[in-house]
Structure formats: structure tokens, C-alpha cells
Amino acid sequence: GGSLARSSLTQRSRWSRGSACVTRSSTMTSEVFAQAVRSYMYVGIWMSISITVILFNKWLLAFAGFPYPISLTLWHMFFCSTVGFLCVRVFKFVSSHNLSMADYSSRVVPIGLLYALSLWLSNSSYLYLSVSFIQMTKSLMPGLVYICGILLKIDDFNMYQACNMLLIALGVLVCAFGEVNLHPLGLTLQLAALSFEAARLTLVQILIKSKGIAMNPIQSLYYISPACFVCLFVPWTQLEAGEVIPLLIKGEVKFPPVLLLVNALCAFALNLAVFLLIGKTSALTMNIAGVIKDWLLIWFSFSVFQAPVTMLNLAGYVFCCAGVAVYNYQKLQKMKKQEKGKLARKDTVDLEKNLLGKEDREYRDGKQSS
């Protein structure tokens with residue numbers, strides 16, 4: 001009777017352990033599924049808003065009779081500065097870093113200047129180039145950031161990476177040869193905008209992140225948008241103010257002015273969506289999603305704005321995407337290597353602490369026995 005009872009208990013124990021494992025497995029599966037759904041949702045939100053802003057800006061500047069890129073960018077910066085001030089100083093939704101005037105001038109203003117130039121020139125290129133070709137040129141961004149990193153001594157030269165960047169540049173060159181409506185001024189503006197953006201991203205690493213200053217999107221808007229506004233205001237007064245102010249006063253714009261407010265809201269939402277995507281997934285996910293977004297924009301440009309897309313365009317861009325994929329793979333491997341190095345150093349520190357603790361206990365035990 002005792003052996004039967006023990007056998008029954010053993011079977012129940014095995015059954016309970018098995019059911020617990022199944023429960024944990026199903027729980028983990030559901031958690032992974034929920035996390036994947038959330039990640040895809042963040043990617044979808046960012047892609048939708050980003051595509052909306054790009055097509056909206058293209059329509060306003062090139063088709064709606066408002067060919068004033070500085071004015072549009074200045075309006076965005078004014079709106080973002082106002083929202084940032086209300087959130088930080090009035091409603092206090094987020095805290096301020098309380099930067100001194102010296103820190104603001106040396107750390108934030110250079111980034112604001114580069115950001116202003118990047119946005120101004122990028123929006124100007126919409127007047128001359130198709131959305132599809134502009135997206136193709138953005139494949140150059142990893143290479144430009146890499147060059148800026150080497151010049152500012154935060155990156156080391158690597159022949160393998162340099163060759164990969166040259167291949168991406170070759171792909172963009174093929175895209176340019178295949179572009180039907182290629183405009184030299186538009187191409188110059190776009191390449192300059194990408195260069196300023198690459199310099200800005202590199203300076204953010206040097207002036208902000210390396211000093212331990214972490215900014216959420218509201219804080220970034222609060223600090224950087226006013227600097228952008230001031231940097232844009234000077235060229236605006238010289239180049240566009242004389243035409244834009246009478247146009248708005250007389251109400252001669254060809255679209256409801258409320259659309260400018262909607263456009264600014266979309267630009268503000270994009271800033272939040274970028275932070276949400278990187279914060280909840282990773283920068284690598286954003287890079288991969290960016291490639292998908294660019295292909296969608298090429299299709300939208302062809303279908304909505306009737307921009308011609310040739311087979312040579314597409315062949316060159318496929319070449320660019322392959323190079324960007326290799327770049328992302330290299331970046332992922334480097335991140336994994338750094339993570340392994342951190343874990344190895346942590347294990348070494350823990351081992352040293354354990355050995356020191358053991359020696360300390362042996363020393364105290366020896367003193368007590370003596």
C-alpha cells in the first residue's frame with residue numbers, strides 16, 4: 001500500500017511539474033507575441049507619420065503654391081518651441097536640465113544650427129526633386145555619418161566599412177543616372193542637407209550624450225527648436241519674409257491656412273514617434289523599418305505625384321539597400337561584441353569581489369582562532 005501511495009505521489013508530482021512547464025511556456029509565448037505586436041505597432045505608427053509628413057511637405061512646397069521652405073521650417077520650429085516651453089515651463093510635464101547659458105551656447109546652439117540648415121535645404125530640395133529620388137539619396141547617410149565620425153575622431157577608419165560605403169555611393173550614382181527629372185541644384189541642396197544632418201548626429205554624440213545628458217523628445221524640442229528658430233529667422237527675413245507676409249495677410253494662399261497647423265502637428269507627432277520607436281524597440285529596428293518606409297515612399301511618389309521611376313533607379317536603389325543591410329549587420333555584430341565585453345568585465349569584477357571576500361573571511365577566521 002505504501003509503494004502504491006508513493007507511486008501515485010510521484011506521478012502527481014511529475015504531472016504538476018509538466019503542467020507548470022507548459023504554463024510557463026505558454027505564458028512566455030504569449031508575452032513574446034504581445035511584445036512582437038507592440039513592436040510592429042510602434043513601427044507602423046512611425047512609418048505612417050513619417051510618410052505623411054514627407055508627402056505633406058512635398059505637396060505644400062511643390063503643388064499647393066507655397067514654395068517657401070524656410071517659412072515652412074521656421075513655422076515648424078516656432079510650433080515645436082511653443083509646445084516644448086508649455087510642457088517644460090508651464091505645465092511641467094517633464095523636467096528641465098537647467099543648462100547654463102555657456103553650456104547652451106557651446107552644446108545646443110551648434111546642433112541647432114546644423115539641424116536648421118539640414119531641414120531648410122532638405123525642404124528646399126522638394127522644389128526640384130521627386131520624393132522617390134530624395135529617399136534614394138538618403139542611403140548615403142551611414143557613409144556620411146561614418147566620415148564625420150572619423151573627421152571628429154570618434155570613429156576609427158576601417159577598410160571593410162569604407163568599401164561598403166563606396167558601394168552605397170555607387171548605388172546612389174546609378175540612381176542619379178536613372179533619374180529622369182534630375183535637377184543639379186536640387187541634388188546639391190539634398191547632398192548638403194544630408195551632410196549637415198550627418199554632422200549634427202555626430203555632434204549630438206560628442207556634445208550631448210558623451211556628457212551624460214539624456215533628452216526625451218519634449219526636452220529636445222524645448223532646447224533645440226528655439227536655436228533652430230533663431231538660426232532660420234535671419235535668412236528668412238532676407239529671402240522669404242517680403243513675399244510670405246503679404247501673401248498670408250491678403251489670404252492669397254491656395255489652401256486653407258489651418259493646413260499649416262495640421263502640418264506642424266504632424267511634424268511634432270513625428271518627433272514623438274521617433275522617440276517611441278527607438279525607446280520601445282531599437283535604433284537598428286528603426287534603420288530596417290526605414291528601408292521599408294523608403295520603398296513605400298517610392299511607390300507613393302510614383303502613384304500620387306506621378307513621378308517617373310525607371311528600372312535603373314530601382315536597380316541602383318536595390319544596390320544601396322544591400323549596402324545598408326551589410327552596414328546594419330556590421331553594426332549589430334559590433335553591438336553584440338561590446339555587450340559580450342561588458343558581461344566579461346562584469347564577471348571579472350564579480351570574481352574579484354568574491355575572492356577578496358573569501359580572503360577577508362579567511363583572515364578574520366585566522367585572527368579569531370589565534
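Visitor: At which residue in H3 does the kink of about 40° lie?
Guide: The model is predicted: local features need pLDDT of at least 70, side-chain atom pairs count only at pLDDT 80 or more, and totals for chains, interfaces and linings use all residues. Residues are numbered from 1 along each chain as its sequence is written, and side-chain values use heavy atoms, leaving out hydrogens and water. The bend is the angle between axes fitted to the seven residues ending at a residue and the seven starting there. In H3 the kink comes shortly before the proline Pro-110, at Val-108.

Visitor: What length does H3 reach from its first C-alpha to its last?
Guide: Helices are DSSP runs of H or I, at least four residues, numbered from the N terminus. The expected span is 1.5 Å times one less than the number of residues. H3 (residues 101-125) has 25 residues, and 36 Å is expected. The reach is close to that, at 34 Å.

Visitor: How are H3 and H7 oriented to each other?
Guide: Axes are lines fitted to C-alpha atoms over the stretch in contact, with angles from 0 to 180 degrees between N-to-C directions. H3 and H7 (residues 184-208) pack at about 160°, axes 8 Å apart. Under 35 degrees counts as roughly parallel, over 145 as roughly antiparallel, 65 to 115 as roughly perpendicular, the rest as oblique. H3 and H7 are therefore roughly antiparallel.

Visitor: Which hand does the crossing of H5 and H7 have?
Guide: The axes of H5 (residues 141-151) and H7 come within 8 Å and cross at roughly 55°. That makes H5 oblique to H7. A crossing is left-handed if the near helix is turned anticlockwise from the far one by less than a right angle, right-handed if clockwise. This crossing is right-handed.

Visitor: Which hand does the crossing of H5 and H6 have?
Guide: H5 and H6 (residues 159-178) pack at about 140°, with axes 9 Å apart. H5 and H6 are therefore oblique to each other. Their crossing is left-handed.

Definitions and conventions: Helix = DSSP H or I, 4+ residues; strand = E, 2+ residues; numbered from the N terminus.
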